[in-house]
Amino acid sequence: MRYFDHVATNPLNPEVFNAMLPYFKEEFGNPLSVYGLGQSAKQAIEDARVKVAALVNCKAQEITFTSSGAESNNMAIRGIAMARRKEGNHIIVSRVEHHSVLNSARALEKEDFVVTYLVPDKFGMVSPADIKKAINKDTILISITHASSEIGTIEPIAEIVKTAKEHNVAVHADGVATTGNIPIDVMQLGVDAYSLSAHQFYGPKGAGALYLKRGQRILPLIYGGIQENGRRAGTENVPAIVGMGKAAEMAKAELPTRMAHVKKLRDKLIDGLTKIEKVHLTGHPDNRLPGHASFVVEYIEGEGMLLMLEANDIYSASGSACTSKALKASPILLSMGYSSSVTHGSIVFSLGIDNTEEDIDQVLEHMPKIIKRLREMSPFAKEGWGAIDDLEESKEGNHV
Amino acid sequence: MYSKKLMDHFTNPRNVGEIADADGVGMEGNPTCGDTMKIFIKVKDDIITDAKFQTFGCGAAIAVSSMITEMAKGKTLTEALSITKESVADALDGMPPQKMHCSNLGSDALRKAIEDYHAKGTQK
């Protein structure tokens, strides 16, 4: 299997799995229990907290464990917005955010918050100048992804924070795609909140965390007991948290090697695929995740490519309408200025530490054939996109 | 997600291509999801003697195009007009519900090709 969908999830590292095992079995105690069995579970969580904190350079007390990156994003946006409600009701996000950010913001709109959705440039980059323009006296929170998993562009978070601080606005960054893949220093970034997810760096699913700068007020999403300092109730998922800690420790130790490995393969993949006619790299050419290569292939559609790649044991992803459950063109690519026709040809290869040079050779061998085959079937390949304009004109009369 | 039969029609699509001297050409598209289908037919004595397609779309859209061109060949124009989205989906051993709407454009494209044939006929 040649797996190129690491932004979807990573395989669990065997060492991480081994570290988790005792906490499914003999170490089953509830961390709130006062006897030894509970206390050793509590200790395991606190050890994991130290390791996760080290990965993003913060204090252990600033890490709250959650169930996922999505929960961390929900908690940060809703929790901070609600805690600061009396100070204002305006929130700024971008058009390249994950659904867990966008839908959290949309939900707040129904509760009298006002949300600005910033449009990025053609590389998917959000401009700090646009942030400055969007801030008004009611702005309380800005949430911008550190990198979108669809286009790989790394956003200028430190500069955004600088602007925000001049206006006393809190900044949350969604670091799900970045943590474990590039060095993260939340102190240097200056953010007030930062989301991360364990299965994006070879840890288990069901384990996420939220960095909250000391003193940052937040309301919980889940009310109950005093777990996680009262910020997130519910008996802790001890094995998953232990796994996240182990995965964080390994990611920190191996980060330079991991980055160099995937970057070398990524560059070869980008070089090879962009040599094919009418294949364009999406996202920023340099300022992008080291293991991320995303493209649009003109005149064909993403799902067809994925199915044909799968037939050759190659697994990747697409932001095309056909592959989305909503059957709508990728809002991220549209926001970057791509026409909806072109967005249908989206394909994303996200690399990991297990990928080899041979994997890349296989993709570079099969992709030209697949593209050629699908273009032979496409009504647009010979005449360009003109045919679709004719069709849309003829449809204007009964347009939905 | 897809049936074996649908995957077969996607992997080995029948009747791909254009007919240079087609008697009728029909194009249908779904502007939201982008799927676009173009069907070419040859007609003799009211019977569809050949049908080919060009399609931009997902696996289901390509399989639908392959299947409908197979179904249309040998049918009279009236018979061909009675091919529905449902009969194409059934012939493919079913389709995911969300794909019925956006990718099952074959019967519409075929109807347009037949209309085009009739329009050309009246011009003659």
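Between domain 1 of chain A and domain 2 of chain A, about 2,100 Å² of area is buried, and carbon and sulfur atoms give 60% of that figure. This is a predicted model, so please read every value here as computed from that prediction. The domain assignment places domain 1 at residues 11–251 and domain 2 at residues 255–386 of chain A.

**Where the two domains of chain A meet**

- The C-alpha centres of domain 1 and domain 2 of chain A are 29 Å apart, and the contact draws on 29 residues from domain 1 and 24 residues from domain 2.
- Three residues stand out on the domain 1 side: Glu150(A), Ile151(A) and Tyr202(A) supply 29% of the area that domain 1 buries against domain 2, more than any other three residues.
- What holds for charged pairs here?
- Sorted by class, the side of domain 1 of chain A that touches domain 2 holds 16 nonpolar residues, eight polar residues and five charged residues.

**Where chain B meets chain A**

- About 2,300 Å² is buried between chain B and chain A, with carbon and sulfur atoms giving 66% of it.
- How many salt bridges cross the interface of chain B and chain A? The rule finds two.
- Lys382(A) forms a salt bridge with Glu18(B), and the closest N and O atoms of this pair are 2.7 Å apart.
- The interface of chain B and chain A also has seven residue pairs in polar contact, both partners at pLDDT 80 or more.

**Salt bridges within chain A**

- A search of the whole structure finds 34 salt bridges over all chains.
- Arg84(A) and Glu87(A) form a salt bridge, with their closest N and O atoms 2.9 Å apart.
- Is Arg84(A) buried or exposed? Arg84(A) counts as buried because its relative accessibility is 8%, whereas Glu87(A) is partly exposed at 38%.
- Asp267(A) pairs with Lys263(A) in a salt bridge whose closest N and O atoms are 3.2 Å apart.
- Both Asp267(A) and Lys263(A) lie in helix 8 (residues 238–273) of chain A, four residues apart, which is about one turn of the helix.
- Asp267(A) is partly exposed at 29% relative accessibility, and Lys263(A) is partly exposed at 39%.
- Lys268(A) meets Asp361(A) in a salt bridge with an N to O distance of 2.7 Å.
- This pair links distant parts of the chain, 93 residues apart: Lys268(A) sits in helix 8 of chain A and Asp361(A) in helix 12 (residues 357–377) of chain A.
- Lys268(A) is partly exposed, with a relative accessible area of 26%, and Asp361(A) counts as partly exposed at 34%.
- Finally, a network of salt bridges links Lys42(A), Glu46(A), Arg49(A) and Glu228(A).

Technical notes
Residues numbered from 1 in each chain as written. Chains lettered and ligands numbered in written order. Predicted model: local features only at pLDDT ≥ 70, side-chain atom pairs only at ≥ 80, totals over all residues. Heavy atoms only, no water. Domains from an automatic or database assignment. Contact = heavy atoms within 4.5 Å. Buried area = accessible area lost by both parts, 1.4 Å probe. Nonpolar A, V, L, I, M, F, W, Y, C, P; charged D, E, K, R; others polar. Salt bridge = Lys/Arg side-chain N within 4 Å of Asp/Glu carboxyl O. Polar contact = N/O pair within 3.5 Å; in protein donor to acceptor, adjacent residues only side chain to side chain. Buried < 20%, exposed > 50% of the residue type's maximum accessible area, 1.4 Å probe, protein only. Helix = DSSP H or I, 4+ residues; strand = E, 2+ residues; numbered from the N terminus.
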